[in-house]
Amino acid sequence: MAEAEYLMRMANHRLSLSGDPVTALAALKAADERLQATGDPGWRNVRAVLTQEMTALSAVPEVDRA
């Protein structure tokens, strides 16, 4: 759980401070995988929110930084 929480905080920082949706999405996916691996159905609501957030981040167009 602590690792999933850390990954969610990291995703938030990458998005809000660095404007980096790609890394934020990767962190959220990793957090979701950690929660799923616990096998605890109590994380269902958290995982549903993560899915919504990942869907929203997937829709963000990539910025050409070159």
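Asp-20 is buried in this predicted model, with a relative accessible area of 14% (buried denotes under 20% relative accessible area with a 1.4 Å probe, protein chains only). The residue lies in the loop between helix 1 and helix 2, helices being DSSP runs of H or I with at least four residues, numbered from the N terminus. The side chain of Asp-20 forms a polar contact of 2.8 Å with that of Arg-14 and another of 2.6 Å with that of Thr-23. A polar contact is a pair of N or O atoms within 3.5 Å, of which, within protein, one must be able to donate a hydrogen and the other to accept it; residues adjacent in sequence count only if both atoms are side-chain atoms.

The axes of helix 1 (residues 2-16) and helix 2 (residues 21-38) come within 8 Å and cross at roughly 165 degrees. Helix 1 and helix 2 are therefore roughly antiparallel, a term for angles over 145 degrees.

A polar contact of 2.6 Å links the side chains of Asp-32 and Arg-47. When residues up to four places away in sequence are not counted, Asp-32 touches Arg-47, Leu-50 and Met-54.

Residues are numbered from 1 along each chain as its sequence is written, and side-chain values use heavy atoms, with hydrogens and water left out. Because the model is predicted, local features need pLDDT of at least 70 and side-chain atom pairs count only at pLDDT 80 or more, whereas totals for chains, interfaces and linings use all residues.

Note on methods
Axes fitted to C-alpha atoms, helices over the stretch in contact; angles between N-to-C directions. Helix = DSSP H or I, 4+ residues; strand = E, 2+ residues; numbered from the N terminus. Parallel < 35°, antiparallel > 145°, perpendicular 65-115°, else oblique. Contact = heavy atoms within 4.5 Å. Buried < 20%, exposed > 50% of the residue type's maximum accessible area, 1.4 Å probe, protein only.
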